[in-house]
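Colleague: I am new to reading folds. Could you walk me through this one?

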Amino acid sequence: MVLFDRIPMPVAVCDAYGVVRLANAALAAEWGTTPGRLKGRELLKMFAPRDGTQVDRLVEALKLRRRSRYTVAVTWQGADGTHRSGELMADPVSEAPHALPDLLVMLRVTGEAAPHPAPAPAPLHPNEERILALLAAGATTARAARETGLTTDGVTYHLRRLSQRWGAANRTELVARAYALGILEPGVWPPRLRPSRPGTGAPEGNPAAM
């Protein structure tokens with residue numbers, strides 16, 4: 001077991017259906033976890049086959065009790081976010097001649113690509129930017145309405161839209177996200193919009209009239 005875990009190449013032992021019985025540390029590292037947490041997982045759900053016919057050939061070979069090595073080209077996303085490609089090399093192994101064999105599977109990495117950059121956030125309505133700056137300064141809904149020339153319902157409308165778009169649970173999270181996205185200028189008081197922020201929003205519909 002110690003020798004198995006020290007093999008530098010990612011390796012797993014699976015049953016005939018591809019369910020992991022045993023994995024070494026190198027394979028677990030591809031998923032940023034420990035070998036024990038891979039037990040019971042389906043290998044082909046972790047590593048997506050690029051050609052289904054290769055899997056079909058392996059399944060047919062297992063039914064016929066053939067003992068050759070079979071290769072399946074796969075892709076997956078590593079724990080560090082990189083998109084990898086490689087090959088699963090499966091060798092049927094068993095002690096009982098008439099039972100479905102287990103599979104000794106080795107993973108060979110053949111390529112990788114950097115993770116795709118996160119899409120830029122959608123531009124904000126100018127009123128949304130102003131409301132965020134006022135909230136960061138501790139303004140109430142009523143004060144934000146007076147400062148922006150909106151009704152209180154109009155302010156609530158913009159806050160609801162932002163909360164849905166950003167998945168924020170409350171106003172504190174909205175303000176924190178505004179700083180993280182560079183909408184508000186850090187390190188200044190009172191809070192103000194960052195003057196060099198990329199792309200300002202254009203009005204959508206006519207919520208300001210609310």
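This is a predicted model: local features need pLDDT of at least 70, side-chain atom pairs count only at pLDDT 80 or more; totals for chains, interfaces and linings use all residues.

Colleague: In what order do the six strands of the open sheet run?

Modeller: Strands of a sheet pair through backbone hydrogen bonds, either parallel or antiparallel. Here the pairing is antiparallel. The six strands form an open sheet in the order E2-E1-E6-E5-E4-E3.

Colleague: Which strands stand at the edges?

Modeller: An edge strand here has a single partner strand, so one side of it is left without a neighbour in the sheet. The strands at the edges are E2 (20-23) and E3 (48-49).

Colleague: What is the bridge partner of Pro-49 in E4?

Modeller: E3 pairs with E4 (residues 70-77) in the antiparallel sense. Two bridges join E3 and E4. In E4, the partner of Pro-49 is Val-74.

Colleague: Which helix packs on the sheet?

Modeller: Look for a helix touching E3, E4, E5 (83-93) and E6 (102-113). Its direction makes about 135° with that of E4. That helix is H5 (residues 52-63).

Colleague: Is H6 roughly parallel or roughly perpendicular to H9?

Modeller: The axes of H6 (residues 126-136) and H9 (residues 171-180) come within 10 Å. They cross at roughly 115°. Angles of 65 to 115 degrees count as roughly perpendicular. Therefore H6 and H9 are roughly perpendicular.

Key:
Residues are numbered from 1 along each chain as its sequence is written. Side-chain values use heavy atoms; hydrogens and water are left out. Axes are lines fitted to C-alpha atoms, for helices over the stretch in contact, and angles run from 0 to 180 degrees between N-to-C directions. Helices (H or I, at least four residues) and strands (E, at least two) are DSSP runs, numbered from the N terminus. Angles under 35 degrees count as roughly parallel, over 145 as roughly antiparallel, 65 to 115 as roughly perpendicular and the rest as oblique. Two strands pair if DSSP finds at least two bridges between them. Contact means heavy atoms within 4.5 Å.
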